[in-house]
Amino acid sequence: MSSSKVFSIHGKGLKFNSKADFQPYLDELKAVEGVEEIHLGGNTFGVEACEALAEALKGSKTLKVADLADIFTGRLITEIPQALSAICNALRSIPSLVELNLSDNAFGGRSAEPMVPFLTQHRTFSVLKLNNNGLGVWGGETVAKALTESAKLSKAEGKPSALRTVICGRNRLENGSAPSWAEAFKAHGGLVEVRMFQNGIRMDGVEALAKGLSGCPDLEVFDLQDNTFTERGSRAVALALPSWPKLRELNLSDCLLKPKGGLALGTVFVQGVNPNLQVLKLAYGEFDSGTIDLIAKAIKDYWPHLRVLELNGNVADPEDECITNVKDALEGHGQEDALDDLDDMMDAADLEAEEEEVHPAVAEAEEIDKREAEEEAAAGGKSPAAMSLGKTAAPTLREKMVDAADALADMLSGVSLGDKPKAA
């Protein structure tokens, strides 16, 4: 079906093995004068059909959006690289292209390579969506390195990067690919939106990503949901926050921030470095009332436009004073509906029970945090993580955040939930 300058057969459940199978829809596509968008998802394409599509698209002067999500269902892994190569080579010849969506295709790492020529040589597209492709570490590195090379080539030609949005969630990228992604993000300094949720990235990887993205001053959306931060990763992101004055959305839910990690973030929130924040998602972070009180203060002083706030699954009672402070702050800005349900909040006993059954990966993460704390003490109070991030934030802010987080954690450790810390 086509309308205006959009061609769509999305969700029809069609199976195209050959050019003949696809020919009736090719005729429809060719009949759309000056086509700007194609939406082909929810159908399945074989090699010959993809080659026919590529031939039809090649040399287009008007195509802006290529939505090719979920087009290889049921295809053999041996088919996909050849089919993908045909499509990407055709798209490479379309200078008007702005967005490429290849999400929900079970590529695996081997199908990253066919994308490299497009990612490297088509240097005017701005939106890349690669969600749920099973890229793995190697595939993730391949894509990230191609993006870095693209930025280098643009720089050599005296042209700025056009890349603005990268969505690469649910791809098992893990720590192994994080340094390559960090380098790519730093090279594409004009990024506005980055989403890398559910990738099995842990503290080292989080540190690398935060450091790379600190070179992107226009960042508005950062989504790293369901990766493992603990205190170390939380501090790395906290140190990067001042680099993103335009930040509108921050999603760190399900990231195991822990009490000290939450305090590290909260201590920077109350500096007012992200005044444009509209969406803050920190659900299931395992932080407590100390962090929630800091969030309340940040809302009151700096976040009049906050319209979505997710705090469910953290350590506080919905009737605690810290929650009341949050609600009062939101109401003061006319945003009383911003706070999500608090039907799964934890108490200290719940947290202790969960810690007794801690996952091995979490136990290892916490052991690393413990070793780092010991190294920090031996180094006179400066954490290796903070020192390694060097230029991410001014030294005074970095030290203030680290010291304040530790002081608050120590002070609150002896206070029952819902009570305010006593004055010194």
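Glu157 pairs up with Arg123 in a salt bridge, with the closest N and O atoms 2.4 Å apart. Glu157 sits in the loop between helix H5 (136–156) and strand E9 (165–167), while Arg123 is in the loop between helix H4 (116–121) and strand E8 (127–129), so the pair ties together parts that are 34 residues apart in sequence. Glu157 counts as partly exposed because its relative accessibility is 45%. Keep in mind that this is a predicted model.

## The other bridges

The structure holds 15 salt bridges. Arg232 and Asp204 make one of them, at 2.4 Å from N to O. That pair links distant parts of the chain, with Arg232 in helix H8 (residues 230–240) and Asp204 in helix H7 (residues 203–213), 28 residues apart. Arg232 is buried at 16% relative accessibility, whereas Asp204 is partly exposed at 43%.

Glu193 and Arg195 also meet in a salt bridge, 2.7 Å from N to O, and both residues are buried. They belong to a network of salt bridges that links Glu193, Arg195, Asp223 and Glu249.

## The whole protein

Zooming out, there are 15 helices and 14 strands. Of the 424 residues, 53% are buried. The accessible surface comes to about 17,900 Å², and carbon and sulfur atoms account for 49% of that. Among contacts with a separation of 6 or more, 85% are between residues 24 or more positions apart.

How values were computed. Residues numbered from 1 in each chain as written. Predicted model: local features only at pLDDT ≥ 70, side-chain atom pairs only at ≥ 80, totals over all residues. Heavy atoms only, no water. Helix = DSSP H or I, 4+ residues; strand = E, 2+ residues; numbered from the N terminus. Buried < 20%, exposed > 50% of the residue type's maximum accessible area, 1.4 Å probe, protein only. Contact = heavy atoms within 4.5 Å. Areas by Shrake-Rupley, 256 points an atom, 1.4 Å probe, with all protein chains shown as cover. Salt bridge = Lys/Arg side-chain N within 4 Å of Asp/Glu carboxyl O.
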